[in-house]
Amino acid sequence: MKSLLQRYSVQLILITLGGLITYLAYEEAIGLYTLSVLMFMGVNIILSTSLNLVNGNMGEFSCGHAGFMCVGAYVSSILGVLLFAKDKVFGAPLINPDLALYFFPLIILTGGAAAAITGLLVALPSYKTRGDYLAIITIAANYIIISLIENLGVIGGSRGFMGMKTVVNTMNDTFDLPWMVIWVFIFTVGCVWALRRYNSSTFGKGVSAICQDEVAAEIMSVNTNKIKTITFMLSSGLAGIAGGLFAYIIGYVNPGSFNILKSTEVLVMVYLGGMASLSGAVLSAILFTILLELLRPLQIIKWVVIPLLLIILMQFRPEGIMGNRELSDLFPKLKRFYRFK
Amino acid sequence: MLEIIIQNIINALQWGSFYALIALGYTMVYGVLTLINFAHGDVFMVGAYISFFTATLLLSFLGVPGWVALALTIPITMMLTAMVGVSLERIAYRPLRRKGAHRLYVVITALMCGLILEHANLAILGASRKAFPELITTHVYNIGGITFTNLKLAVIVTAILAFFILQWIVTKTKVGMAMRAISYDKFAVPLMGIPIDSIIVVTFALGSAFAGLAGILFAMSYPILEPYMGALIGWKAFIAAVVGGIGDIRGAFLGGFILGAVEILVVAVFPSTYRDLIAFTVLLIILSIKPTGLFGIAKTTKI
Amino acid sequence: MTTAPILEIRNLTQHFGGLTAISDFNIKLKNNQMAGLIGPNGAGKTTIFNLVSGFYQPSQGEIFINGKPTAGLKPHKVTALGVARTFQNIRLWNQMTVLDNIKVAQHGKLGYGFFDALMRTKVYRETEDRINHEAYELLKVFELDKFADDFPTNLPYGLQRKLEIVRALSEKPSLLLLDEPAAGLNTVDMHELIRLIRWIHDSFDVTIWIIEHHMDVMMELCDELKVIDFGHTIAEGPALEVQKNPAVITAYLGDENI
């Protein structure tokens, strides 16, 4: 009985949770505001867990996560609008909009793939160097990506790009469910689950070997360049997925929302949660999203209070909320009730 | 044609001077602590505001003449900005270092300090831009088709002077030697009886003072102040410092001037919206050819 | 039938800037041989190991492992040719369990990729089961299995040294390079280590090449010794002969006629 519980408890909880949120959203029992906060929570979880892979597990210092998010957001937005919506620039939909629902995950994944390829381009010059030089490269990449989009008049330049709401509405017309909630939930769970699998495989443990002693890793048969590339691509690809979801939740993207401040937010979530702790990254993304919303009435002062809180928090817990431990390390008894692989 | 080139070189030198003066603070702190002090761009912004208040106070309330006000504003601003930098180190960074926090937690703290400086300023002074008073009358000179102002020349000369002063401090004085010693070996230095904390304070004071100087010069050259002015210029100066080879004062200056030159060149040829795009791309190319920066020395791993 | 030597180094020379760290070094190691490399501090011993394991690329000369040249190969590719090594200062992955330290060292021959890891395919499950089993068995052979879930930093120093050797051995190398395995060990541990190395040599089909300062260790273990000083080979041959060689004594103790 216990092993059965252990085996299926996580799936059971997730399905119940997902079903519950979907049902509540469908019945409009939770308001649009709460719903969008929940969805941003999902996006933030993807962002913080994926950056944690590079900055926590691999021990590099990537600072431009919002840049990859931007690539994903634009690629999936443009693709979605091009295929399924009537647009001033792109004209009539190329495919029957009824199919939007089925193609949507593919569109988001394409955005992720585009971001992963951008990640590859950024990762290449970082082989020769380590640590802080990746910080520069990623900051510069962040600026370059934003600047490039600002100069692309076709997709709106700095004014932004919209039309994604039409696609979302088409999906809801095809089958009356709160689709964005469902997709965000699925992708968030998928992201955490993929990262968990990656980190717990011997293949993925090469990442922590690189972090702890790169020379030893290379000499002990780990192809460090390959692992670094794959890891960096996975991380930036997931950021791209988060970007795509973000774009469709808001229904509007502009380069300004992916600036270095956004990257800073993600960095904060990673270090708040604790380096290399997956559950820490999830927890801190949830807390951070709530904190941002709670402090919204403060307006400008919000950005004084939040950094101040963080500085104080770091003085008390200089290793983040979870350190490098996972939930199951803190509460070993939990292991009896769940298995997450 | 030649006039245009010389004109642009002068512009580039002036624009690069700001980057160079800011990059210096990054590079000195990094050299000593391997800490990317992301708050440094905002320290520059604070410096500009301090000079604004000092100058306005001196001019409007005490009614001193412009050149006296300038002569007083420079040391006062440098001193006060140095105090801001040192307070950041004392309040935020040092306790964290003492607790043995991971280096990157200190970097995040620095980022947070920068955000606080920016937004506290915004909250206290409001979003309205401040116009910097004119301290000295600007003369425009025209020699053979090349126009420049006394201010522009002053900026360039100050930056070059600052370079020589710092280079002297770092290579010739005891404090400078201690700074370099710390960057070589953090563990041996305290054993040699060098007060490591005082050296760190001096480093922050020097770096911030020159950011303050950059603040005055910037405010005089472009007399509009706003809270976010430090952020972008700070990030860029940091990249300039890395391109020059972080940890090296010559590198910071060279990197700053290169960045200035690239930006002026881009604006001269392309629409100005391409400035960041091309400038960052050029810097990335330089870095991928010489990953340790122009003056950087590759660290060899020993096994 | 002639088989290629396990390791062959021809005219190896290495410059670092203006410094010639190694000049014209040659060696041939046969199957299951146990050889030693000695020399004063800074003689270039570790540099030779770094060259053999692919960490440096030689300025001149060639290195063959099992008859295959290593020129231009990255260290993990050289490892795949059958070289494994330990380090002067222990380089274990300290935030990983002892078992994981062994498992990650199998990275080169995992046989599954990124997508297998995510999808948990059959090949993934089989491989993981196999290397888990093998790693555990290997730890058992060396009586380290009771520490399988501990972190290396919690092990006594002698056992960390041992674990590093086991990790290298887990690569199933044909050439095992031991870089000062006895450094920092007390007399008891040192004798334990000599027994261990001898036992590894007897039980596994592996050629062992050792750098060591403790002459008694070398005397007990090695059939052949090579002595280098300032990158030059100054003596070679059976251990006892080398020990009496005046050039070696001068290099170690200095010239008496100063």
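How many helices and strands are there in chain C? Chain C holds 10 helices and 10 strands, where helices (H or I, at least four residues) and strands (E, at least two) are DSSP runs numbered from the N terminus. The model is predicted, so that local features need pLDDT of at least 70 and side-chain atom pairs count only at pLDDT 80 or more, while totals for chains, interfaces and linings use all residues. Residues are numbered from 1 along each chain as its sequence is written, and chains are lettered from A and ligands numbered from 1 in the order in which they are written.

The overall form of chain C was examined next. The C-alpha trace of chain C spans about 70 × 40 × 40 Å along its principal axes. Of the 258 residues in chain C, 42% are buried. A residue is buried if 20 or more other C-beta atoms lie within 10 Å of its own, exposed if 12 or fewer, and partly exposed in between, with C-beta atoms placed from the backbone. Among contacts in chain C between residues at least 6 apart in sequence, 65% join residues at least 24 apart, a contact being two residues whose C-beta atoms, placed from the backbone, lie within 7 Å.

The domain assignment of chain C gives domain 1 (1-83 + 182-204 + 215-258) and domain 2 (90-172); such bounds come from an automatic or database domain assignment. The C-alpha centres of domain 1 and domain 2 of chain C lie 27 Å apart. Their contact takes 11 residues from domain 1 of chain C and seven residues from domain 2 of chain C. On the domain 1 side, the elements that give two or more residues are helix H2 (75-80) and helix H7 (187-203) of chain C, and H7(C) gives the most, with five residues. By class, this side of domain 1 has six nonpolar, three polar and two charged residues. Ala, Val, Leu, Ile, Met, Phe, Trp, Tyr, Cys and Pro count as nonpolar, Asp, Glu, Lys and Arg as charged, and the others, Gly among them, as polar.

Within chain C, strand S1 (residues 7-16) and strand S4 (residues 60-65) pair in the antiparallel sense over five bridges, pairing being assigned if DSSP finds at least two bridges between two strands. Thr13(C) stands opposite Gln60(C) in S4(C). S4(C) also pairs with S5(C) in the antiparallel sense, over two bridges, and Phe64(C) stands opposite Pro69(C) in S5(C). These two strands form a hairpin with two residues between them, and Asn66(C) in the turn has a positive phi of about 50°. Lys68(C) belongs to strand S5 (residues 68-69) and counts as partly exposed because it has 13 C-beta neighbours inside 10 Å.

In helix H1 (residues 45-52) of chain C, eight of eight residues are buried, including Ile48(C), Phe49(C) and Leu51(C).

Between chains, 22 residues of chain A are in contact with 29 residues of chain C. The largest share of the chain A side, eight residues, comes from H8(A). By class, this side of chain A has 10 nonpolar, eight polar and four charged residues.
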